[in-house]
Amino acid sequence: MTAMLNVKDLRAYYGQVQALHGLSFALNEGSLTTLLGANGAGKTTTLRAICNMVRSTGAIEFDGAPLGNRSTENIVRLGIAHVPQGRGTFTTMTVEENLQLGAITRKDSKGVVADIERMYDHFPVLKQRHTQQAGTLSGGEQQMLAVARALMLRPRLMLLDEPSFGLAPLIVRDLFKILGKINRDDKVTILVVEQNAQLALELADTAYVIETGRIVMSGKANDIANNEDVRKSYLGY
Amino acid sequence: MELFTNQVLAGIATGAIYACMALAVVMIYQAIDHLNFAQGEMAMFSTFISWQLMQWGVPYWWAFLLTLAFSFAAGILIERLLFKPLAKAPILTNVAGFIALYAIINSVAGLIWDFTIKQYPTPFGSSPFLGSQLISTHQAGMIGVTVVLLILLYMFFQFTRVGLAMRAAAAMPESARLVGINTSWMIALGWGMAAAIGSIAGILIAPVVFLEPNMMGGVLIYGFAAAVLGGLTSPLGAVVGGFLVGVFENLAGTYIPGVGNELKLPIALALIITVLVVKPAGLFGRPIVKRV
Amino acid sequence: MSAVQEAVTEAPAIDAVPKKAMTLSLGTSLIVLLLFLVVPLFVKNFIIFQLTTVLIYGIAVLALNILTGGSGQFSLGQSAFYAVGAYTSAILIEHAGMNYALTLPIAGIICFGFGFLFGLPALRLSGVYLALATFALATAMPQLLKLGFFEHWTGGVQGLVVTKPDAPFGLPMSQDTWLYYFTLAIAIGIYIAAVNLLRSRSGRALMAIRDNEIAASAMGVDVALYKTLAFGVSAGITGVAGGLGAIAVQFVAPDSYTIQLAIALFLGMVVGGVGWLPGSIIGSAFIVFVPNIAEGISKGLSGAVFGVLLFIVIFLVPHGARQVAFVAQSLIGKLRKN
């Protein structure tokens, strides 16, 4: 299987402070990978570095070609969708406008309309609220909207930053089920950053554990979930 | 009562000027999230360009279209050359940039065309409108053009992809980049459109206030006030605000004793600020809830 | 139905100056002070007068720095307070025969009150709205000063002539030189007081308000009180500057205090570095000398040249003179290590 995303020796900086100290990992096409770690470990920074939202050095290759110094919007246009921390919902716009914005770089307007309908099938609650201001949606609904918006890009790779944040466990389970479905049916490679290790490991096939800017553990999600020592040392359960 | 109605109507007529300028102000605010103090000067300069073209024999409507195109291009150029480099600088530094731009444009216009006032033609004629003593055909034309502009802008923002992208880029730039929008170019586009709208405002205003480099000074302030009154994110609010400001100004001049021409501006501003103290987001603005 | 728009408080519009860098080090301060003390010995009277003007505007820019850089409130209305201070001094000197030095604290107190009163309704405004309100104040002031109602005191459109004081105790120096040292002493006093204010608990409260008003209020800071006090203090200091200006120029007239003065003071603050008190004098020097330089380069295009020079400055040092100072400081630090 080819590596869709290849990250080598990634170092990232916030001003003078170094947040990532030489991260290397690869995502295979069609995989569902989770990046786990405590608060401040560098998970969000990793996603931001992939999208060039933070100063970094190192080599990142997507589909075999280096991302180089492309701007964030150009990286997105290559087919990488990023659902940021806090969801990044366009709160002043309607639900439907949010979905249209997800597809704003696409040229096939008929395909966009069809995809919006597909999103409403995946997430019926969005159809109910499609003319409402996105800011009035509940946390769970906004998360669904954020995922739907990312899918409107028809991405090859989807990055999600703590999608479970602030959501009730039942809703998180539903959300993760949908992510699994998207990964299998729509063949979208997914990288999920999570603090909620247990659920994430149930969902993913591969896992990396990051601590203070370094990868300390990697392997099959099952193996890591079943490894009591790892769980206790790094994941806290 | 008749005096009151007359003054209100007259206020609406003059308010069309402010409404038009306020549209340009809202346009730039939608793009860059703050106000550009040099916008009046840019509008003035564009108007002079159109005047110069007509002096050289170009017919009115051709001059109008060419000026529109020129203003659009100039707005983009100014943003790319002068304000893109300041994108990461603090807001106050950008404001200093606007002031510098103001000084440059005003001075250059004065040098090229000097400070004597010039007549500027109107395509609407200046006879009384429908026999009314208060509104001339030109003023009616101004109101008409402003309303048409408003409708076009509304349609642009609500129904086009670029309009949606611009709104997104202004509201949440980082999220916009994450859907692939080039926010930097959205800003440039906003500047271009604001400059174009400003040029229309200038061309409509010049027949009334006469063409000279300082003609837009007061108008811009009223335009700001009108935009703020209407709620900075609402083109409709800007237009309504403009008419209201015109009416305020006239009523203040008529009914408050001692208010000569010079005090009209501060009184109008004071009235607007009073409204803002009561309704901080403006008449049509959406109230903003601030979270820590 | 329009919904409520939620906005997480974004990064503050005014970036904080780190506490260490808020003023010059003691060594640099002494050198600067020395320069100020000896300069009049080497230059002609007219230059001394210009330097006095730089000091006076420096005080006014400092006041704006406290208001904007300190408490985060934007003001385009300082010219109004400057005018009130100027007229207060002028009226007291010419109509009440008061000693010029005594008029200054009175001008300061009156302007403090005026600023405090303005600060009260201004509490509900911020950002662009506050800018508009202060702008209204600035444009209203010259018109108010021209009102026939006040003409008996203000001299109406023509204004008042102010007598220039001689050096006291028969000291052997020109009026300009005496006025320079007098102004310098006041400027130093105000500068030291301002630095101490910003370093005190009150100063920290102000800066907390600037950086995140909601959080500050949640921590028990009386936001309303501090914000209005900031307006009052800033207006008071500007009033003192205005009084000094009236004495130095020997003349007050309504059209000397237009919005252009307010804009100039704003530019002075930006060029000096917002919130960096020592920069006030650099910003002030900019607004006093650069327009003259611009006119010297091209009489017809003086405005354009000024604009271009201003652009050059803000392109090179977007954060104002304090950027230069920081760079110099770190260079000196590196040299010391070697």
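**Figure 1. Pairing of strands β3 and β9 in chain A of the predicted model**. Strands β3 (residues 32-36) and β9 (residues 206-211) of chain A run in the parallel sense and are joined over four bridges. Within this pair, A:T33 stands opposite A:T206 of β9(A).

**Figure 2. The six-stranded sheet of chain A**. The sheet is open, its pairing is mixed, and its strands follow the order β6-β7-β8-β3-β9-β10. At the edges stand β6 (80-83) and β10 (214-220) of chain A; each has a single partner strand, so one side of each is left without a neighbour in the sheet. Direction ignored, neighbouring strands of this sheet are turned against each other by 15° on average. Helix α1(A) packs on this sheet and touches β3, β6, β7 (157-161), β8 (189-194) and β9 of chain A. The direction of α1(A) makes about 145° with that of β7(A).

Figure 3. The buried residues are A:K43, A:T44, A:T45, A:T46, A:L47, A:R48, A:A49 and A:I50. A residue counts as buried here if 20 or more other C-beta atoms lie within 10 Å of its own. After the helix comes A:N52, with a positive phi near 55°.

**Figure 4. Helix α1 of chain C**. This helix spans residues 26-38 of chain C, 13 residues in total. From its first C-alpha to its last it reaches 19 Å, close to the 18 Å expected at 1.5 Å a residue. The number of buried residues among the 13 of α1(C) is zero, so this helix lies largely in the open.

**Figure 5. The fold of chain C around this helix**. Chain C contains 14 helices and three strands. Its radius of gyration is 20 Å, close to the 20 Å given by the globule rule for 338 residues, so chain C is as compact as a globular protein of that length. The C-alpha trace of chain C spans about 65 × 60 × 45 Å along its principal axes. Of the 338 residues in chain C, 49% are buried. Among contacts in chain C between residues at least 6 apart in sequence, 79% join residues that are at least 24 apart.

Terms used
Residues numbered from 1 in each chain as written. Chains lettered and ligands numbered in written order. Predicted model: local features only at pLDDT ≥ 70, side-chain atom pairs only at ≥ 80, totals over all residues. Helix = DSSP H or I, 4+ residues; strand = E, 2+ residues; numbered from the N terminus. Rg over C-alpha atoms; globule rule 2.2 N^0.38 Å. Buried ≥ 20, exposed ≤ 12 C-beta atoms within 10 Å, placed from the backbone. Contact = placed C-beta atoms within 7 Å. Expected span 1.5 Å × (residues − 1). Pairing = 2+ DSSP bridges. Axes fitted to C-alpha atoms, helices over the stretch in contact; angles between N-to-C directions.
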